[in-house]
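Colleague: I'm new to reading models like this one. Could you walk me through it?

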Amino acid sequence: MKKFETISKYYIRFFGKRVFRFPVGGFSNCPNRDPYTKEGGCLYCDIKGSGSDFLDYKLSIKEQIEGRLKEDKNYILYFQPYTSTYKDEEILIKNIEEGLKYRQFLGVSIGTRADCISDRMWEYLGRLNKKTYLELEIGLQSAKEETLKFIKRGHTLKDFEEAVKKGEKLNINLIVHIILGL
């Protein structure tokens, strides 16, 4: 049986100290959702983008950071809700660069899907990875094609495998989201 390491233990091993994720959001959408109503999406995802109930999407990244940042903690800037690399790449890049101005951020984690990373974004991620710690969270959810269709995922296992190969080629830390039991 393969063992899994929690992200908090991984951060302690990698950074030598406790590091927290600092979620920010409101800057992206999802290819499976109506761009105006935000309805649709994968079977399991809520209207706010899964797991982001406390984020105020009306706030800028600076307001989200300064409203919650603690001076005595270290963080990974975490672009979690929806699909961060979907649509306006300039906004994502601007927000990443803005966030990294704060000394408490030791790196960036970007939640995305395998079918929503353009060649231009891969180039940026390669540069970003040379400048700071970077992890790319790629949602797979299931390795079965019929399950991906059932949950309305909108991409294939092949899309996922190709994204992993690109990430590995750029030496980017990859996190895979799966839903056990699907």
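Colleague: Which element gives the largest share of the lining of the largest pocket?

Modeller: Keep in mind that this is a predicted model. The largest pocket has 14 lining residues, with Phe4, Glu5, Leu174, Ile175 and Val176 nearest its centre. Helix H1 (7–15), strand S4 (133–141) and strand S5 (173–178) are the elements that each give two or more residues to that lining. The largest share, 5 residues, comes from S5.

Colleague: Now the helices: are H3 and H4 roughly parallel or roughly perpendicular to each other?

Modeller: Two packed helices are described by the angle and the distance between their axes. For H3 (residues 89–99) and H4 (residues 119–131), the axes come within 11 Å and cross at roughly 10 degrees. Angles under 35 degrees count as roughly parallel, so H3 and H4 are roughly parallel.

Colleague: How many charged residues are in the contact of H3 with H4?

Modeller: H3 brings Glu89, Glu90, Leu92, Ile93, Ile96 and Glu97, while H4 brings Arg120, Met121, Tyr124, Leu128 and Lys131. Sorted by class, that contact has 6 nonpolar residues, no polar ones, and a charged count of 5.

Colleague: Last one: which element has the highest mean pLDDT?

Modeller: Across the protein chain the mean pLDDT is 85, and 82% of residues reach 70 or more. Among the elements, helix H5 (residues 145–150) has the lowest mean, 79, and the highest, 96, belongs to H4.

Note on methods
Residues numbered from 1 in each chain as written. Predicted model: local features only at pLDDT ≥ 70, side-chain atom pairs only at ≥ 80, totals over all residues. Heavy atoms only, no water. Axes fitted to C-alpha atoms, helices over the stretch in contact; angles between N-to-C directions. Helix = DSSP H or I, 4+ residues; strand = E, 2+ residues; numbered from the N terminus. Parallel < 35°, antiparallel > 145°, perpendicular 65-115°, else oblique. Contact = heavy atoms within 4.5 Å. Nonpolar A, V, L, I, M, F, W, Y, C, P; charged D, E, K, R; others polar. 1 Å grid on protein atoms, 1.4 Å probe; cavity = no way out; pocket = protein on both sides within 12 Å on 5 of 7 lines; lining within 4 Å. pLDDT = per-residue confidence, 0-100.
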